[in-house]
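Start with the structure itself.

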Amino acid sequence: MEGCNGAHITPGDHNGVVAQDPYLWLEDITGDDALNWVRAHNEPTIAKFGGPRFEQMRTEALEVLDTEARIPYVRRRGDHLYNFWRDAANPRGVWRRTTLDSYRTAEPDWDVILDVDALSDAEDENWVWAGADVLEPDHRLALIELSRGGADATVVREFDMSTRQFVADGFELPEAKSGVAWQDQDTVLVGTDFGPDSMTESGYPRIAKRWRRGEPLENAQTLFEGVASDVSVGGGYDSTPGFERLFITRSFDFFNRDRFELRDDDLIRIEIPTDAGMSVHREWLLIRPRTEWTIDRTTYRPGSLLAVRYDEFLSGTRELTVVFEPDEHSSLDNYAWTRDHLVLVTLVDVSSHVELVTPGTWERSEIPGIPPNTNTVLVDIDEHGDEMFLDSSGFDTPSQLLWGRAGSEVTTIKSAPAFFDASDIEVTQHFAASADGTKIPYFVVGHRGSTGPGPTLLGGYGGFEVANTPGYAGVLGRLWLARGGTYVLANIRGGGEYGPTWHTQAMRENRHLVYEDFAAVARDLVDRGVTTVDQLGAQGGSNGGLLMGVMLTRYPELFGALVCSVPLLDMRRFHLLLAGASWMAEYGDPDDPDDWAFISEYSPYQNISADRRYPPVLITTSTRDDRVHPGHARKMAAALEQLGHSVDYYENIEGGHAGAADNAQTAFKSALIYEYLWSKLT
């Protein structure tokens with residue numbers, strides 16, 4: 001790892017002794033002083049970058065986001081297909097439904113169930129749609145979640161889909177980071193803020209209860225209690241006829257959890273590794289171990305998918321069938337059940353393949369009709385029937401929505417328009433050697449016939465086993481590629497592109513691998529003549545924002561400009577801010593001296609140098625982000641500014657962790673970022 005040179009600010013030293021943080025007051029999210037600081041930084045940023053090109057890009061981005069020609073993605077519930085839709089006329093959105101026959105026409109007949117704009121106006125609230133849990137099998141009642149300004153915390157309200165009204169005296173929860181699910185029409189499973197000590201240190205429910213219609217919430221039956229240091233506790237119910245089951249999950253860190261089935265009053269632990277993925281469908285239990293698992297003298301590889309009959313497993317059998325086993329090039333990306341088949345999406349060197357699996361024999365076959373060389377994702381798989389919706393796209397290929405039934409060919413029923421001219425775009429994959437010799441794949445989306453290096457934007461994430469795959473992005477295409485820029489996606493470790501081990505090898509004390517990988521790709525782009533240092537920019541958000549902070553403070557010589565969005569940056573205090581405690585399994589515990597020893601080596605806020613030359617950086621965040629605290633971004637900007645570094649700052653006063661609450665805000669944020677990059681890299 002590269003060392004940190006020069007003088008540093010000292011909100012925390014490398015021995016774990018916390019000095020006075022001069023910008024601690026900026027953690028007061030809605031304090032007058034903090035918000036005055038935000039406004040004083042927003043205004044010059046808008047003045048500096050809000051010129052004619054910005055306005056043109058904002059218009060172009062909003063056209064992409066609001067166009068009626070984009071695909072309305074759906075989810076089947078009973079006889080209807082449901083969609084949530086935002087456009088210029090409905091900036092907050094409408095929840096609507098149609099039939100399959102109507103959906104397959106050019107102009108579907110949509111039946112609006114709930115108009116969030118009208119609701120916001122009527123109640124004088126800035127409601128943002130956060131989803132709905134619809135009661136099966138009649139689909140008459142729904143538990144609707146609404147967020148103020150895009151925060152993770154939501155209110156929950158029962159909704160009658162036949163009357164299109166919220167149910168008077170129905171199930172309702174005040175604003176909190178709640179978990180709620182139907183058991184039957186008069187019973188819900190709920191975890192929420194029940195009062196003092198009912199939430200975990202991460203800010204999620206600690207207690208799961210069964211709440212019956214008409215009884216006060218405080219009288220709900222307690223089913224399970226975790227401890228304060230857990231991440232969360234929750235309950236769920238499988239209402240499949242003949243397979244009704246009530247499950248309890250206790251997540252004691254981000255990647256480890258205990259699972260139980262509650263039968264009558266007996267809590268039965270499902271004896272699988274705590275870090276394994278698990279799903280139950282009818283008679284089948286699927287297990288995906290994240291680390292090597294040896295059971296009855298058989299060892300299963302990380303990232304495998306294993307099958308066994310659920311009741312037999314609970315009774316003690318350990319005869320598991322391997323449905324999928326990864327190799328050095330392939331990994332399991334996703335899977336979902338139809339009633340009688342398993343749909344399996346795998347990645348081979350980050351390119352997707354989709355197969356249909358027959359349970360029992362576990363024979364696999366390619367699903368015909370999927371376009372080659374595209375990234376395919378599961379949109380909706382009907383677990384009660386045989387219907388499949390899939391989306392296929394590529395960096396230069398707009399989305400096609402595919403429809404079909406298990407065992408038959410899928411066909412295109414909707415196509416997204418092209419939002420930019422891709423006739424001269426070519427996509428290539430390359431591999432850069434990281435510091436330890438590991439080959440790191442990355443995609444280059446460039447222009448045929450390019451005669452020399454040009455402005456290039458490098459993106460990456462590198463955390464939580466999230467795989468970045470090559471899909472179509474209309475706003476990126478219009479605002480960057482169509483103007484002559486090159487885009488690069490780096491599939492660095494920490495993600496899930498090659499299965500769990502691609503992630504686990506870069507956790508905690510091995511976090512430096514993430515940053516070494518990204519730096520290796522940046523160097524390779526310059527060495528291969530794709531770009532120059534002065535023309536190379538990078539962008540990342542959330543954990544990717546931490547990546548940008550490390551690039552700024554540890555690898556500043558590699559970049560011409562950086563964009564750091566909704567970031568983690570103060571790794572000395574991340575576990576004390578909002579949901580931060582839930583991420584200690586990923587990063588480590590800063591209060592443990594041994595953990596702080598390696599965290600302090602890269603924590604951007606603690607490693608700002610007065611002496612090193614940094615590339616210019618734009619830091620963006622949202623006041624309403626209740627997942628990653630906006631204090632990270634504020635304090636980093638203030639500290640950089642104090643030492644004379646080139647930093648611009650913008651904070652959306654609403655918008656949650658996405659940084660935007662509607663399409664107009666998303667367009668504004670996109671235009672700001674791309675205008676910043678164009679101004680710095682050209």
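W182 is buried, at a relative accessible area of 6%. The model is a predicted one. The cut-off for buried is under 20% relative accessible area, so W182 qualifies. F171 is buried too, at 4% relative accessibility.

A pair of aromatic rings is described by the distance of the centres and the angle of the planes. For F171 and W182, the centres are 5.9 Å apart and the planes stand at 80°. Angles over 60 degrees count as edge-to-face, so that is the label for F171 and W182.

Now place the pair in the fold. F171 sits in the loop between β8 (165-166) and β9 (172-176). W182 belongs to strand β10, residues 179-184. The pair therefore ties together parts that are 11 residues apart in sequence.

W293 and Y300 give another geometry. Their ring centres are 6.1 Å apart and their planes meet at 50°, so this pair is tilted. W293 counts as buried at 10% relative accessibility. Y300 counts as buried at 7%.

Aromatic residues also group beyond pairs. F254, F255, F464, F574 and Y587 make up one aromatic cluster.

Charges come next. The charged end of R96 sits over the ring of W110, 4.0 Å from the ring centre. R318 lies over the face of F313, with 3.9 Å to the ring centre.

Technical notes:
Residues are numbered from 1 along each chain as its sequence is written. This is a predicted model: local features need pLDDT of at least 70, side-chain atom pairs count only at pLDDT 80 or more; totals for chains, interfaces and linings use all residues. Side-chain values use heavy atoms; hydrogens and water are left out. Rings of Phe, Tyr and Trp (its six-membered ring) pair if their centres lie within 6.5 Å; planes under 30 degrees apart count as stacked, over 60 as edge-to-face and the rest as tilted. Helices (H or I, at least four residues) and strands (E, at least two) are DSSP runs, numbered from the N terminus. Buried means under 20% relative accessible area, exposed over 50%, partly exposed in between (1.4 Å probe, protein chains only). A charge sits over a ring if NZ of Lys or CZ of Arg is within 6 Å of the ring centre and within 35 degrees of the ring normal.
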